[in-house]
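Please look over the sequence and the structure shown below. The paragraphs that follow lead through them step by step.

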Amino acid sequence: MKVAYWPGCVSRGFTPELHGSMAKVAPLLDIELVQLDRASCCGAGVIAEHNQELADTLNARTFALAQQVDGAELMMNICSTCQGAQGECQERLDSSAEYRAQVNSTLADEGLSYEKGLTNKNFLWLLVEEIGLEKLSGMVKRPLTNLKVGPFYGCYIVRPRDRLGIDEEHPRDHYLEQLIETLGGTVIEYAGMRKCCGFPIITMNKEASLKQAGRHLGDAVDADADCLVTPCPLCHLNLDMQQPLAEKVVGRELNMPVLHLPQLVGLALGLEPKELGLSRHVVKPTSVIDWSTSVVGAAA
Amino acid sequence: MAETHKPPERFTLRMRRYDPESGEAPYWDEHTIELEPHRSVLEGILQAKAKFDGSIGIRCSCRAAICGSCGVRINGEPGLACHTHLDHARASSKDGVIEVEPMGNMPVIKDMIVDMDAVHWKKVQRVTPWLINEGPQPEREHLVPRESMVDITQTMACIQCGACVSDCLAMEVDPGFIGPAALAKAYRFVGDPRDEEQRERLLDLSEDPQGIYDCTHCFKCVEACPKDVNPMGQIMRLRRIAGADQHINDQNNGHRHEETVVTLIKDYGLLHEAEMIPRSYGGNSWFGKFHPAAGKELLSSLPVAIRGIAKRKMSIKIAIFGHKIPKQDLNAVKRIYEKVESKPERYELNLYVSGVDEDAEQTPVGVGSEEGSAK
């Protein structure tokens, strides 16, 4: 399938291994990525905090660019925060024709216009809803047998439920567990899996921010997880890059590797840890690399 | 209502019991009650109390979702016991047994009763929850624009049940955070044109390290509120007025952080992550990094940065120069900024007030469209 692909900022900045692993995984899943190079940052809720109409207009521009991609079935993102921040803007734009016209009049300078009803899905939703878990399980080359994986969603992709379209038919707040199982891994449930990583207040209240990250990582350690997986690069910054500092704040050793979603999928599809950029993490995912070599060893 | 004709069914409630004065640890207690499925969890608890154990502690009054007394956690989610149907609660339980617990972030007095005074009411008191207007009073009523009062109706819908306080993730790690309910109450007065202390209120709430900038934007309160008050949204509005309108340059980096993100996206089209810390701490320009506050923070972040670069997590090029969208598009983004920001009044669409177009109600956002097309 062909998708208008919005990688976001952080996946091309401080977590390039996310964008890189997505590019590696896409062809294996028969996803054609048409990258929205011209689009701007979603604002991560902060532009909306400053001026709502500005955030709505910038994202309407992104949506309009996505709608221009010939033959694309939908727009896909790889960031919980993009999903939530863009979804919030889209909710306002789709709710009022008058407001949409107001925003589109600003976009008209560039000859762009957003038409109501764009489908914008995170890679996680696309895997479950467009590709399907059954089909995906048939593509698995290296099942994640005995790998204990803890999901970490990121707030923006689980709340608020109504806006995100989470209901009985679309239990999107349980997709990570379903996916881990489909890939052959063991799901580790722990207290913090749907809580906040603390990233939004890292520059405002560093201690509270790192305490959140440290606490959830500690919960995952106590639940005996080998690694976490997250669809959110901002969560990854606090959980992985800041983990050494979080360890100091919570006063315990954590050493918990955190994988990006496409990395975990890539491992199961047979890609090597190195080509998925696992060596680029701050917390070395030794447990995962050891696991992958042990599986290869067993197969040989 | 067809539901009212359904015959009574048996429902099992698993309640968390705790009496701090007993010296015993909390424990789970199960009772099976019989009621029509549309009846409330509160009615179920009251039946268990009447039939099996008079010592079950639950606070309630109106039984009609307006007094805010019976806030509890049902199957782990906060809500009003009187506003949750038994059949819905059973459907959302993990094992067919409805689990009822006291709310979080507040000490338990007994069973499902928490100490609202010690946490919730104290925080509400903290924001000076009354109108301040010492000036000469008009002969009759204050005349204010209708829209400005409509604007604060959402915060007025709060029934002080504490559900949002119960689930606040910032408060979980920082109990001193003023919190969602009290800050929503603060907006009720900041947004009221009759109040004379708007700036003082905002100064106070911005400068407090546990004020408006301590919210982690996790949407927990938005989801918890049974009255659609959207406390987090109200906190963001407080930030908007404190930062964008009042230019309060708070000691918590709150306003500088906001300005930094807004400026970086205008200048680059994308976030330039490496500039985030220096500008948020030291001031919103390339020179921010030379400010002593930024220097101190950069120094403490240095080990993280070095580790990141050594692991090729980020390239030195990205760390120094960031990444940009193509020039033509950057110009388009800048034009959008200029056009929107030069409007005489900032426009804010609040769906709680405006409602949604009739046809929009049919298509929930984010769910795959029938045509299966991005258009």
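Angles run from 0 to 180 degrees between N-to-C directions, and axes are lines fitted to C-alpha atoms, for helices over the stretch in contact.

The model is a predicted one, in which local features need pLDDT of at least 70 and side-chain atom pairs count only at pLDDT 80 or more, while totals for chains, interfaces and linings use all residues. Residues are numbered from 1 along each chain as its sequence is written, and chains are lettered from A and ligands numbered from 1 in the order in which they are written.

Two strands count as paired if DSSP finds at least two bridges between them. Strand S5 (residues 148–151) of chain A pairs with S6(A) in the parallel sense over two bridges, and A:Lys148 stands opposite A:Thr186 in S6(A).

A further open sheet of four strands has the order S2-S1-S3-S4 (chain A), again with parallel pairing. Its edge strands are strand S2 (32–35) and strand S4 (120–122) of chain A, each of which pairs on one side only. On average, neighbouring strands of this sheet are turned by 40° against each other, direction ignored. Strand S1 (residues 2–6) of chain A is joined to S3(A) in the parallel sense over four bridges, with A:Trp6 opposite A:Asn77 in S3(A). H4(A) lies across S1, S3 and S4 of chain A and runs at about 160° to S4(A).

H4(A) also packs against H3(A). Two packed helices are described by the angle between their axes and the distance between the axes. For H3(A) and H4(A), the angle is about 95° and the axes are 9 Å apart. The two helices are therefore roughly perpendicular to each other, a term that covers angles of 65 to 115 degrees. In H3(A), A:Ala55, A:Asp56, A:Asn59, A:Ala60 and A:Phe63 meet A:Gln86, A:Cys89, A:Gln90, A:Arg92 and A:Leu93 in H4(A). By class, this contact of H3(A) with H4(A) has five nonpolar, three polar and two charged residues. Ala, Val, Leu, Ile, Met, Phe, Trp, Tyr, Cys and Pro count as nonpolar, Asp, Glu, Lys and Arg as charged, and the others, Gly among them, as polar.

H3(A) has a part in the meeting of the two chains as well. In total, 77 residues of chain A are in contact with 75 residues of chain B, where contact requires C-beta atoms, placed from the backbone, within 7 Å. H3(A) gives eight residues, the largest share of the side of chain A that touches chain B. The residues on that side of chain A divide into 30 nonpolar, 26 polar and 21 charged.

Elsewhere in chain A, A:Trp291 lies in helix H14 (residues 286–299). With 22 C-beta neighbours inside 10 Å, A:Trp291 counts as buried. A residue is buried if 20 or more other C-beta atoms, placed from the backbone, lie within 10 Å of its own. Leaving aside residues up to four places away in sequence, A:Trp291 touches A:Leu147 and A:Asp226.

Chain B contains 17 helices and seven strands, and buried residues make up 43% of its 375 residues. In helix H1 (residues 41–51) of chain B, the buried residues include B:Ile45 and B:Leu46. The buried residues of H1(B) pack against strand S1 (9–17), strand S2 (27–35), strand S3 (71–74), helix H2 (86–91) and strand S5 (98–101) of chain B.

Not counting residues up to four places away in sequence, B:Leu238 touches several residues, including B:Leu183, B:Val190 and B:Ile212.

Key:
Buried ≥ 20, exposed ≤ 12 C-beta atoms within 10 Å, placed from the backbone. Parallel < 35°, antiparallel > 145°, perpendicular 65-115°, else oblique.
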